[in-house]
Amino acid sequence: MTQTRPLGSLASALPFWLSLGFVPILAAGTVWGGWWLILPVLYSAGLFSLLDWFTGLNEDNPQTDAPLGQLFWYRLITLIWFPVQFGLIYGALWWVTHRGTLTGPEMLILFYGLGIATGAVGIVYAHELMHQKTASERWLGDLLMASTLYSHFRSEHLRVHHLWVATPRDAVTARYNEGFWRFFWRVLRDCPRSAWRAEAAMLARAGKSPWAAANPFWRYAALQAAFLLLAFVVGGWLGLGLFVWQALIAVLHLELTNYIEHYGLTRRHLGEGRYEHVLPRHSWNAAHRASNWLLINLQRHSDHHYKPDRRFPLLQTYTTEQAPQLPLGYPTLLAVAAIPPLWRRLMNPRVRAWRRQFYPDVTDWSAYKAGTNPMPRSAR
């Protein structure tokens, strides 16, 4: 499987710019309301599910040693998205509270659609940016996460999830048979304190207090407070409420995605709190072409966990012999995951097949399913 088009060409990168389609449809919904308000859902879930059907799978793998200069057109969309998102949020807040004629239900639907954009695009781009080494990219990631009031995600994702995915220490590895809504409330409850604990442990290793200025939680709090204050200045109490509503919808979409990415998958416990290394088999892979355009290859998640520092244009896809495969792209599966009986019917047989394929010698899965295996011995 090889890349056939030149990686550095604009034509090769342009499909990953389809996220900008949210801009005109959200602007139309803000100004005109009515049926225009359903366009964000039709665009994200409807159009890209349909495009997945017609465009099929992309099983080409680019060369992983491509120089950074060849990735300019790919990186650019992630670098410009924060000002785009900022304009969408606060432009909509100002319009509906000063000039608009939308009813209360219409405003809720509009900011639901905005939450789809800030979650399915903004948080996905933030995820890409927070994995990079440059300070400017990490700051853009922090700004995007703060605009959805979920800044602790950076600490939880980098300090916990990537280290302890598919073990009991990782709250966002969904357990077998665990319905999404139970998972969602568990993650909302556990992840902020888990992230704090991880940062405190890192500071302790450097001989610092968790209350030291180096703790990123102070930056997270300041940025989130600034976004909330600006929402109030622009739109008053109504604007503040709508801002929080879009943030909740963004987080909902993030956690639906987290739920899908690792559902039911576990790393082998080797005894005494030791676990096998992370492998492609510990994340669900999806090679669906169109939804990977929208989500900048996030669905090549097996490779992301295997090589977390690999930029999105270079992520590899895997065969069924190497990693478990999702039957559909994320835009479709988000709706399925929100209905636990339907999700279990679709995915539980695949989890059982994964166990038979990769761990045929394991006969008792009860501790894995319940998340009661020992904590990793070096986890904090």
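Helices (H or I, at least four residues) and strands (E, at least two) are DSSP runs, numbered from the N terminus. The structure is a predicted model, in which local features need pLDDT of at least 70 and side-chain atom pairs count only at pLDDT 80 or more, while totals for chains, interfaces and linings use all residues. Residues are numbered from 1 along each chain as its sequence is written, and side-chain values use heavy atoms, with hydrogens and water left out.

Asn373 lies in the segment after helix H14 (366–370). With a relative accessibility of 13%, Asn373 counts as buried (under 20% relative accessible area; exposed is over 50%, partly exposed in between; 1.4 Å probe, protein chains only). Not counting residues up to four places away in sequence, Asn373 is in contact (heavy atoms within 4.5 Å) with Pro168, His269, Tyr275, Ala367 and Tyr368.

The protein contains 14 helices and two strands. Of its 380 residues, 56% count as buried. Among contacts with a separation of 6 or more, 73% join residues 24 or more positions apart. The C-alpha trace spans about 65 × 55 × 45 Å along its principal axes.

In helix H6 (residues 135–146), the buried residues include Leu140, Leu143 and Leu144. The buried residues of H6 pack against helices H4 (72–98), H5 (104–130), H7 (152–164) and H9 (216–262).
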